[in-house]
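Biologist: I have the two chains open here. Can you walk me through the model, one spot at a time?

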Amino acid sequence: MERLLIQNGRVIDPSQGLDRVADVLVEKGKIAGFDLKVSGDCQIIDASDCIVSPGLIDPHVELREPGCEEDETIETGTAAALAGGFTSIGCLPNSEPPIDTQAGVEFVRQKAARARNVNVYVVGCVSKNREGKELAEMGSLVEAGAVAFSDAPRPIHNTDLLRRAFEYSLMFKRPIFDRPEVLELTHGGVMHEGRTSLVLGLPGIPAAAEELAASRDLRLAEATGGRLHLVNISTTGAVELVRRAKARGVKVTASVGIANLVFTDERLRTFDSHYKVNPPLRSSDHVESLLAGLADGTIDVIASGHAPRAVEKKMRELDQAPFGMNLLEMTLALVNMHLVVPGLLDWPAAIARLSCNPARLLGIPKGTLRPGADADIAIINPQARWTVASRQLKSKSDNAPLCGVELLGRVEHVVVGGVLRF
Amino acid sequence: MNAVAADFGPAPSLWKRRHLLDLESLSAPELLCVLDTAARFKQATNGCRSKLPVLTGKTTCNLFFENSTRTRTSFSLAARRLGADTVEFAASSSSLSKGETFIDTAKNIQAMNVDALVIRHVSPGTPHILSNNLQCSVINAGDGAHEHPTQGLLDIMTIREHRGSLEGLTVALVGDIAHSRTARSNIWGLKRLGAHVIVCGPATLVSRAWESFGVEVAYSLDEILPRCDVLNLLRVQFERQTTRPFPSVREYALLYAMNRERMARAKPNILIMAPGPINRGVEITPDVADGPQSVILDQVTNGLAVRMAVLWLVTSQGE
């Protein structure tokens, strides 16, 4: 279909300050304009009672292929993203082998193109084999299409390597994504260190481990002029560090995983390994700080934190099960229920953090409905209720803790590059 | 059921649980119900010596994923005293080494029609996870650093035997609180029954956060010693510590070992307890361990009574 008309939706596009009911015309894969007169052959989508938003963008998703296909494949992961309203995702390099070569980047991009679900942008390794010792060939990775560098979910432990990574990446104007964590303090940790971990007798992951690393990262970014993105911060101290760094003019952005906004460490009282995630679910005081940081713009991006893990790996003792939660398909509903409905963020602010800001972070011409832009659109019904059923999830993994739970807010349709894909 | 067993009567109606997973979730009446039942078993079996076949025809399995000698033996003997059949399952001799998950292992054993699984595991929460996946009763015999409910109960039973009530007593748990499941079970049980609980040890092993649960936190044994009615000297869990939390065993003993000099400054009727196995010379000197205030061996005998009570109570549900 050459033309697509999305009628009667509440069009929200923070990139151009737009929030009104309008008809959106899509032509030849691009946004043609609003409320245009249309004649002739045209596919029509009725978006009454729905929000029409630029497609959501998650800058750091684990797709696991190659090597960990029992958890997820590029095809299933991108299908899950699509069903969750995402039209572009950044793919983290923690596959096996990790994405540290041109061939690795090309593999992901080809697989993603073949899956025809969403746009996939590759986040290449900072270090060769993600070992944290020597820089990966960043220039070659960029040439092959990588848009950022990261060893996440593993932190960049070696401070000298991080410094060189900041300096070297400046040549390509690409950001370094670090998951801030001092490994000596988190080693063996299972959950947030606090009252709950004390009662449960589980090894803790102290907030200070994240804050020390974030502080180091920020100082180095400041000293080198490098661009830093802190992946999924989770503590009061980290929010405050980013807030102050931004005030000083440090080139930093930060994301928060949706799980860290809606759950606390109390969830682990049932010893359910679904709630074992990294960064760990924190106590409610940290959650309050994250919400405040999200509201005042300190935190730029709401990420799914999607980290699929095969059920047989999760069915282990809590301290032996891997970290990770399956969230791509639930993120938007959780944002609606926990942030928009209680009045913490309005829809334009939520969409800025789910689409416009992540697009800027990845340096991609997305996250907008401006005429002429690629037609990547999510159509969201904020009133629709649905119940999570693991067998209906597109993701390959069952590590979704919300199975059987009724959620409010559903993705009705998704348009990618002008094509109705969902 | 023979006459002696029939005379013992039915299980108390107050008890409704099919599992014993922790003491944190038990109410004071439930705790007293187990303790009273244990005392009755102890009396009816002539101090845990003779048999009382109230579990004839039932089967219990000791599923120990972690080494244990006394707890395993105690559970086995308790089951046999009650006339149950009991089988042993050791992780080293199992298919765990072949990669089977612990849930599958437990389901296999349950499929052989076991009435109660007594489980010990290095990972906290393992008994809780199993209780959600199995139909048979699950008894926690120690899950990592989380809880060891029958140990907590036998400690409390021993104090009750000597002091009648827990109300108003000051009980200090001394040593490696961080890695101790015994400490956690004691804390919940003792608090619920009205005792004042102090946790005392090196600051690296005693979190200040315990204060938010109404527990007194102390670093100096000498300071708290004159106030204590009971000292429970926990073993230093060298095997659970990833990094050494204190400079040397010598320094630990200097600060926390219960010895003759400290005994002289304690209340004359103080009770000295230790969950065992004890490191003689580390947390307790031999003269104190074998001295007149030591009730360490009473604890072991009461362990049998408590485990008889627990096995009977949880397997009597739903009949």
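**Helix 12 of chain B**

Modeller: Asn302(B) is found in helix 12 of chain B; helices (H or I, at least four residues) and strands (E, at least two) are DSSP runs numbered from the N terminus. This is a predicted model, in which local features need pLDDT of at least 70 and side-chain atom pairs count only at pLDDT 80 or more, while totals for chains, interfaces and linings use all residues. Residues are numbered from 1 along each chain as its sequence is written, chains are lettered from A and ligands numbered from 1 in the order in which they are written, and side-chain values use heavy atoms, with hydrogens and water left out.

Biologist: Is Asn302(B) buried or exposed?

Modeller: Asn302(B) is buried, with a relative accessible area of 0%. Buried means under 20% relative accessible area, exposed over 50%, and partly exposed in between (1.4 Å probe, protein chains only).

Biologist: What does Asn302(B) touch?

Modeller: Leaving out residues up to four places away in sequence, Asn302(B) touches Lys42(B), Leu154(B), Met157(B), Thr158(B) and Glu161(B). Contact means heavy atoms within 4.5 Å.

Biologist: And Ala309(B), what does that one touch?

Modeller: Ala309(B) is also found in helix 12 of chain B, and it counts as buried at 0% relative accessibility. Not counting residues up to four places away in sequence, Ala309(B) touches Val34(B), Thr37(B), Ala38(B) and Phe41(B).

Biologist: Staying in chain B, how many residues does helix 3 have?

Modeller: Helix 3 of chain B (residues 70–81) has 12 residues. From its first C-alpha to its last it reaches 16 Å, close to the 16 Å expected at 1.5 Å a residue; the expected span is 1.5 Å times one less than the number of residues.

Biologist: Which residues of helix 3 of chain B are buried, and what covers them?

Modeller: The buried ones are Thr71(B), Arg72(B), Ser74(B), Phe75(B), Ser76(B), Ala78(B), Ala79(B) and Arg81(B). Their cover includes strand 1 (59–64), strand 2 (85–90), strand 3 (116–121), strand 4 (137–143), helix 6 (149–163) and helix 12 (296–315) of chain B. Just after helix 3 of chain B, Gly83(B) takes a positive phi of about 85°.

Biologist: Switching to the interface. How many residues does each chain put into the contact?

Modeller: Chain A gives 14 residues and chain B gives 21 residues. The two chains bury about 1,600 Å² between them, 63% of it on carbon and sulfur atoms. Buried area is the accessible area (1.4 Å probe) that two parts lose on being put together, summed over both. Leu198(A), Val199(A) and Phe271(A) supply 38% of the area that chain A buries against chain B, more than any other three residues.

Biologist: How many salt bridges cross the interface of chain A and chain B?

Modeller: The rule finds 1 salt bridge across that interface. The side chains of Arg269(A) and Glu24(B) meet there at 3.1 Å, N to O. A salt bridge is a side-chain nitrogen of Lys or Arg within 4 Å of a carboxyl oxygen of Asp or Glu.

Biologist: Which side chain does Arg282(A) meet in a salt bridge?

Modeller: Arg282(A) meets Glu210(A) at 3.8 Å, N to O. Arg282(A) lies in the loop between helix 9 (258–262) and helix 10 (284–295) of chain A and Glu210(A) in helix 7 (residues 207–224) of chain A, so the pair ties together parts that are 72 residues apart in sequence. Arg282(A) counts as buried at 1% relative accessibility, and Glu210(A) counts as buried at 1%.

Biologist: And what about Asp376(A) and Lys366(A)?

Modeller: Their side chains meet in a salt bridge at 2.9 Å, N to O. Both Asp376(A) and Lys366(A) are buried. Salt bridges that share partners join Lys30(A), Lys366(A), Asp374(A) and Asp376(A) into one network.
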